[in-house]
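Have the sequence and the model open as you read.

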Amino acid sequence: RMVEFISAFVAGMLCFFTPCVFPVAIGFFGAISGINSKQIFSHNKKIHHKLEITTLLFVLGFSTAFSILGAGVFYVSDMFAKYADYINITAGIIVIIFGLHILRIIDLKFLDKDEHFNYRKIHSGYFGAFAIGFLFAIGWSPCIGPILASILAMAITKESALKASALLFTFSLGLGIPFIVISFFGNKAYSYFRHHSGFVKYSQKMIGLMLVGLGFYLILTVF
């Protein structure tokens, strides 16, 4: 069902522009590359190249973690495959609830829990960039948590672990592309996003509405 993959990609991209991620993006670039904020957007080719490579590894890190998570929830749900229709309906209800939470129509405080890792304890560099990305996926922010949980709910309705993993990878790709674009195009890209990000304050509402629609879609596929 292509609509789920498209929605996962869009949700991932919108996640980047949420108040929990976009304002601290520069901090992530510094943490993964070991380059200070003043040097990040310098015209030094050596620095620029290092930033590009470490950003790609950072994105690969959280993409790997999310993909493993997608396959994991599928294997758990696969034990109850004979209840596929009920799983679809349950997943749809869960996605609707998470969408309503993002819209702040209901308040699920446990989804706002924010787990932080001390990234400074990890040495910056190529392996460190991958490790920080992997830990970023585990200690997601309150903005990403409900969205990720919704994508995982959709993953359990997939026909195979590969498709479930691919759905989470698609979400990761959406989240990772803005990081990659900024690392390759530097200050121009970041400035563009900053000056054309009036929709940042609406990003969570857009995600919430999309998830509510997806939830109903999952339920209706049963009938």
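## Where H4 meets H6

The axes of helix H4 (residues 45-78) and helix H6 (residues 126-138) come within 7 Å and cross at roughly 40 degrees. Axes here are lines fitted to C-alpha atoms, for helices over the stretch in contact, with angles running from 0 to 180 degrees between N-to-C directions. Helices (H or I, at least four residues) and strands (E, at least two) are DSSP runs, numbered from the N terminus. The H4 and H6 crossing is right-handed, the near helix being turned clockwise from the far one by less than a right angle.

On the H4 side, the contact includes Lys50, Ile53, Leu57, Phe58, Phe62 and Phe66, and H6 brings in residues including Tyr126, Phe130, Ile132, Phe134 and Phe136. Contact means heavy atoms within 4.5 Å. By type, the residues of this contact split into 15 nonpolar, four polar and one charged.

## What you're looking at

This is a predicted model, in which local features need pLDDT of at least 70, side-chain atom pairs count only at pLDDT 80 or more, and totals for chains, interfaces and linings use all residues. Residues are numbered from 1 along each chain as its sequence is written, and side-chain values use heavy atoms, with hydrogens and water left out.

The chain has nine helices and zero strands. Of its 223 residues, 48% count as buried, meaning under 20% relative accessible area, with exposed being over 50% and partly exposed in between (1.4 Å probe, protein chains only). As for contacts with a separation of 6 or more, 80% come from residues 24 or more positions apart.

Side chains of opposite charge can pair when their charged atoms come close. The count for this model is two salt bridges, each a side-chain nitrogen of Lys or Arg within 4 Å of a carboxyl oxygen of Asp or Glu. One of them joins Glu4 and Lys158 at 2.8 Å, N to O. Glu4 sits in helix H1, while Lys158 is in the loop between helix H7 (145-155) and helix H8 (161-195), 154 residues apart. Both partners are buried, and Glu4 has 0% relative accessibility. Setting aside residues up to four places away in sequence, Glu4 also touches Met154, Thr157, Leu167, Tyr217 and Leu218.

Phe5 counts as buried because its relative accessible area is 19%. Leaving out residues up to four places away, its contacts are Lys158, Lys163, Ala166, Leu167 and Thr170. Phe5 and Met154 are 149 residues apart in sequence, yet 9.8 Å apart in space, C-alpha to C-alpha.

Lys163 turns up again in a salt bridge with Glu159 (3.5 Å, N to O). Lys163 is partly exposed at 41% relative accessible area, whereas Glu159 is exposed at 56%.

## Helix H5 end to end

The buried residues of H5 include Ile87, Asn88, Ala91, Val95, Phe98 and Ile102. An α-helix has 3.6 residues a turn, so residues three or four places apart point the same way. Just after H5, Arg104 takes a positive phi of about 65 degrees.

Note on methods:
Ala, Val, Leu, Ile, Met, Phe, Trp, Tyr, Cys and Pro count as nonpolar, Asp, Glu, Lys and Arg as charged, and the others, Gly among them, as polar.
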